[in-house]
Amino acid sequence: MSKLKKIDWPLIILPITGVFTVSLILTLFPVQLHHDLTIVRSFLNGHFSFFYILVAIFFLCSTLYAAFSRYGKIKLGDLNDKPQYSNLHWGILVFTSTMSADIIFYSLCEWMMYAQEPFIKQKHNIFEWSLTYSLFHWGPIVWSFYIMLAVAFAYMLFVTKNKRQKFSEACRPLFGGLIDGIVGKLIDLIAVFALIAATASTFSMSMPLLATAVGNLVGIHNIRKLSLMLLIIVVLIYLTVSVIGMKAITKLSLICYTFFIGLMIYILLFSGSMDFILDSGIQATGNLLQNFVGMATTINSKGFTQDWTIYYWSYWIVWCVATPFFIGSISRGRTIKDVILRGYAWGLGGTYLSFIVLSNFGISRQIQHLVNAIGDVQSGKTYSQVIMKIMETLPQYRIAVILLILSMIGLYSTVFDSITMVVSKYSYRDLSIEEDPSKLMRGMWAVVFVMLPLSLLISNSSIYNIQSVAIIAAFPTAIIMILIVISFYKKSRNSLKNNEY
């Protein structure tokens with residue numbers, strides 16, 4: 001059967017129609033859309049905050065159980081399969097395929113956002129708690145979303161050898177033949193829409209920083225136009241890479257990781273704040289360990305939980321439609337315990353390195369009165385403008401800015417070429433693990449992914465609107481994620497009953 005005949009047309013046409021519609025509404029009726037998003041978000045925050053918290057706890061506990069129980073011994077593949085990638089290469093692929101450029105944006109400015117929150121202001125050390133909450137929001141709970149689903153998808157691909165590479169297929173052990181009908185279609189449509197919301201959030205939040213950094217180097221001050229130009233450039237890069245295939249993706253991930261580590265090393269060595277960065281990082285990590293349970297279960301926090309914790313859970317949840325599938329697809333030959341423990345090690349290692357170095361670098365400038373970052377934000381400057389003021393305190397700061405630009409472009413490209421590959425596989429009714437989607441299909445999705453971010457940039461949507469899109473899309477996606485985990489345990493129990501492990 002040709003690939004054209006295998007295409008699941010409703011799964012392509014309906015999301016594209018939806019993207020066109022939402023993009024049009026964003027461009028023509030931004031005020032009305034803000035009003036509608038506010039109503040829906042307020043309803044979810046008011047009545048379902050507990051749901052997002054319970055989902056987070058469920059996934060964290062599930063990964064620990066899967067790793068340290070008999071399930072951890074299950075090999076993701078045939079008994080004689082060897083890992084496709086070395087431990088180093090696998091870890092780099094995991095980090096670069098999941099962390100987009102927003103990790104750099106948030107690492108540099110999230111402490112400023114938290115320092116203005118009433119809930120944080122009541123703490124004894126505002127900056128320590130700001131970094132502590134960053135490490136919490138980008139820590140074990142959100143990584144458990146990716147890791148647990150990566151295990152479920154890898155089991156589906158390499159143990160049960162399912163030839164239908166779709167989000168819904170992971171629910172087949174629960175729903176059986178219903179997955180072939182309207183239930184499966186609904187699950188896959190929710191997945192694709194959630195992924196579109198995720199890409200919109202990522203591009204819209206961090207692209208202005210990339211544009212500001214480039215503008216600082218070349219002397220262009222029209223950030224909106226520059227953002228649009230850079231968005232197109234990034235799309236062309238990841239479109240080219242995704243069309244070439246996995247070999248190009250793996251090479252780009254190594255290049256991207258080199259720039260990222262280079263930025264961290266430059267700031268550590270030349271900021272003059274290495275001792276402060278390391279000491280504050282250790283303090284914040286210790287603070288997190290002491291208060292983790294309370295932070296994970298707090299709901300009444302003067303709105304902080306709803307505005308930030310639930311947003312971050314939601315943000316990672318909508319990305320769970322694609323990034324765990326990619327992690328699972330590169331994990332053949334590994335045991336479940338290996339994927340979980342190494343996934344945590346590489347995921348937490350990379351994110352914590354970014355936040356400890358970049359956040360403490362900014363905090364050190366605030367404490368030393370080299371910049372008044374919080375005051376500048378309160379006076380109306382954008383986070384991107386303030387970040388550039390902080391970067392300018394470095395010796396030969398343009399070197400750091402170039403590394404920042406290359407890291408952001410690389411992280412954008414590695415994440416989006418991997419998810420383009422994944423969602424292209426979703427677009428077929430049947431596709432074996434050895435088959436790749438057509439280049440035309442990958443190219444089409446690369447273009448679709450950029451439409452909603454373009455609309456958000458053109459309409460100058462607020463951070464609140466962008467966050468609201470993620471929170472709303474995450475609600476049905478989280479339900480499906482729970483079903484996938486239950487399906488995994490139901491199916492994998494057979495392997496244990498047969499004493500295969």
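Student: At what angle do helix H3 and helix H14 pack, and how far apart are their axes?

Tutor: Two packed helices are described by the angle between their axes and the distance between the axes. Here, helix H3 (residues 30–68) and helix H14 (residues 304–319) pack at about 65°, and their axes lie 10 Å apart. Helices (H or I, at least four residues) and strands (E, at least two) are DSSP runs, numbered from the N terminus. Axes are lines fitted to C-alpha atoms, for helices over the stretch in contact, and angles run from 0 to 180 degrees between N-to-C directions. Please note that this is a predicted model, in which local features need pLDDT of at least 70, side-chain atom pairs count only at pLDDT 80 or more, and totals for chains, interfaces and linings use all residues. Residues are numbered from 1 along each chain as its sequence is written, and side-chain values use heavy atoms, with hydrogens and water left out.

Student: Is the crossing of H3 and H14 left-handed or right-handed?

Tutor: A crossing is left-handed if the near helix is turned anticlockwise from the far one by less than a right angle, and right-handed if clockwise. The crossing of H3 and H14 is left-handed.

Student: At what angle do H5 and H7 pack?

Tutor: Helix H5 (residues 102–115) and helix H7 (residues 126–137) pack at about 120°, with axes 9 Å apart. That angle makes H5 oblique to H7; angles under 35 degrees count as roughly parallel, over 145 as roughly antiparallel, 65 to 115 as roughly perpendicular and the rest as oblique. The crossing of H5 and H7 is right-handed. Among the residues in contact are Trp 111 and Tyr 114 of H5, with Phe 127 and His 137 of H7.

Student: How do H5 and H19 cross?

Tutor: The axes of H5 and helix H19 (residues 397–426) come within 8 Å and cross at roughly 135°, which makes H5 oblique to H19. Ile 103, Ile 104 and Leu 108 of H5 touch Leu 404, Ser 407, Met 408 and Leu 411 of H19. This contact has 6 nonpolar, 1 polar and no charged residues.

Student: How many cavities of 30 Å³ or more does the structure hold?

Tutor: On a 1 Å grid over the protein atoms alone, a cavity is a set of points where a 1.4 Å probe fits but cannot get out, and a pocket is an open set with protein on both sides within 12 Å along at least five of seven lines; lining residues have an atom within 4 Å of a point. Grid points are joined across faces, edges and corners, and a volume is the space filled by probe spheres set on the points. The structure holds 3 such cavities. The largest has a volume of about 60 Å³, and H14 gives the most to its lining, with 3 residues.

Student: What is the volume of the second largest pocket?

Tutor: The second largest pocket holds about 380 Å³ of space. Its lining has 16 nonpolar, 1 polar and no charged residues.

Key:
Nonpolar A, V, L, I, M, F, W, Y, C, P; charged D, E, K, R; others polar. Contact = heavy atoms within 4.5 Å.
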